[in-house]
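Me: I've got a structure open and want to talk through a few spots in it. Can you take my questions one at a time?

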Amino acid sequence: MLDIKFVRENPDIVKENIKKKFQDHKIPMVDEVIKLDEEARKVQQEADSLRADRNKLSKQIGALMGQGKKEEAEEVKKQVGLNSARLAELEEKETELQAKVKKIMMVIPNIIDPSVPIGKNDQENVEVQRYGEPVVPDFEIPYHTEIMESFNGIDLDSARRVAGNGFYYLMGDIARLHSAVISYARDFMINRGFTYCVPPFMIRSDVVTGVMSFDEMEAMMYKIEGEDLYLIGTSEHSMIGKFIDNVLEEKNLPYTLTSYSPCFRKEKGAHGIEERGVYRIHQFEKQEMIVVCKPEDSKMWFDKLWQNTVDLFRTLDIPVRTLECCSGDLADLKVKSVDVEAWSPRQKKYFEVGSCSNLSDAQARRLGIRVKAEDGSKYYAHTLNNTVVAPPRMLIAFLENNLNADGSVNIPEALQPYMGGMTKIVKK
C-alpha cells in the first residue's frame, strides 16, 4: 500500500504506474482518493479543533463552579453539549471517510522498480540468465507421474476418492525423496545464515489483507468456516505476519528466516487442476525464505534470495534459468520479482519452480511493521520473500533431470545423506 501523502504529491507518477501495469480502470481512483483524503483531513481538523475547545471549556466549567458561578457554568455546559453533538457527527464522518480512503489505497498498485520490463502478462517476462546446460537424453522421458508410479511412489486415484482432484498420496522412495529435499533445503538455508522456523498454518484476516492483494486472496485462500482464520497459501504469510504491529530496533535488522509449512491453495481460475499430475495442486509443502530489512538494503537482499534458489537447484544437478517478471505479471504489492525456472527434458522447456519478490514497504505499511532508528525516528521496514523449494513440483524437475535409461533415478551427492546413503532409486 502506498503512502497517501505520496499519492497526493505525485498523482501523475501513480497514474503512469497504473498504466504500466495495464490496469487503466484504476486510474480514476487516484483523483477519487485524493478528493476523499482532502475531505477527511478537513473533517479531522474541525474535529481536532472541537476536541481542543472541549478540553478548554471543561477547565473553564471547573473554574466557574469553584467560584460559585453556577449559572455561567451551565451556559458553558450547553456550549459543550452542542460541541459534543457536532464532534460525534464529525467523528462518524471521519471514520467513514478514512475507511473509503483505505479501501481505495488497498487496490492502488505499488510503484514498480524502474528496471521492471513493461509487459501485459507472463508471456512477456524476460529471461535474464541460464545456469547449467539443458540436456535432452537420447531416450524417452515418461510423464512425471509415470516415473513416480514405476516406483510405486504415487496414488492419485485414492487421493481423488478421498479429497478430489488436486491431491495425492506419495509413498515409498518417492515420499522419502520428497522429505529429503525439504530437509536438505532447510539445512542449505541454515548454512547460509537463515534462522529456521515452523510457523502457524492458519492466520487471521487482518494478516491476510496485510500480506497480499484482494485479487490474490480471492484466488488463493481457503477460509475456515465460522472462524476468522484462513489456511496459509505459503509460509510467507505467517512469517511476515509475525511482525505485525511491531516497532523493530534498527540494530537488530535484518531478520533472515527460512520456514517450512504445508501450503493450501484454491487455484481459482487456474486452467486445469490436473487429474494425473502434481504440477498444479491444492496442497503441497514448501521451504520458504523471508527477509525484513532496512529500505536501502532490500535490493541487495533481493539478489541474494533468488541466487540461493539457483545455487540449491544446481547442487541437485538441475539446470535453471532466471526470468524477470514484467509489469503486468506483478501482483499489486510487488515492486520487482524474479522467477526461477527449472529445465524439463521431457517438455524441452523451462517451468516455474520458485518466485522471488521485493515488496518494499507495502506489506509493512499494511501490517504496521516499523523500525526505530538510532536517532529515535521511525520508518517502515522492507519485506522480501522467495521460494527455496516447493515439492512435489520440484520433484518433477528432479526426476526428469536425474532419470537414467533403465528407469532408475540418480541421487546427487548433496542429497545422499538425507536418503540413507542411497545413490540411486531403482524399480522394485
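This is a predicted model: local features need pLDDT of at least 70, side-chain atom pairs count only at pLDDT 80 or more; totals for chains, interfaces and linings use all residues.

Me: How many bridges join strand 6 and strand 7, and in which sense do they pair?

Reply: Pairing takes at least two bridges. Strand 6 and strand 7 (residues 230–231) have two bridges, and the sense is antiparallel.

Me: Which strands sit at the edges of that open sheet?

Reply: The sheet has three strands, in the order 5-7-6, with antiparallel pairing. An edge strand here pairs on one side only. That gives strand 5 (202–203) and strand 6 (222–223).

Me: Which backbone oxygen does the Arg265 side chain reach?

Reply: Arg265 is in the loop between strand 9 (255–264) and strand 10 (283–293). Its contacts include Tyr222, Gly233 and Thr234. UniProt, in an unreviewed entry, lists Arg265 and Thr234 among the "binding site" positions. The side chain of Arg265 gets to 2.9 Å from the backbone oxygen of Gly233.

Me: Is Asn385 buried or exposed?

Reply: Asn385 belongs to strand 16 (residues 382–389). The cut-off for buried is under 20% relative accessible area. Because Asn385 has 7% relative accessibility, it counts as buried.

Me: Which side chain makes a polar contact with the side chain of Asn385?

Reply: Asn385 touches several residues, among them Glu236, Glu288 and Ser355. Glu288 is listed with Asn385 under "binding site" in the unreviewed UniProt entry. The polar contact, at 3.3 Å, is with the side chain of Glu236.

Conventions
Residues are numbered from 1 along each chain as its sequence is written. Side-chain values use heavy atoms; hydrogens and water are left out. Helices (H or I, at least four residues) and strands (E, at least two) are DSSP runs, numbered from the N terminus. UniProt positions are given in the numbering used here, feature names are shortened, and annotations may be inferred rather than shown by experiment. Contact means heavy atoms within 4.5 Å. A polar contact is a pair of N or O atoms within 3.5 Å; within protein, one must be able to donate a hydrogen and the other to accept it, and residues adjacent in sequence count only if both atoms are side-chain atoms. Buried means under 20% relative accessible area, exposed over 50%, partly exposed in between (1.4 Å probe, protein chains only). Lists of a residue's contacts leave out its neighbours within four places in sequence.
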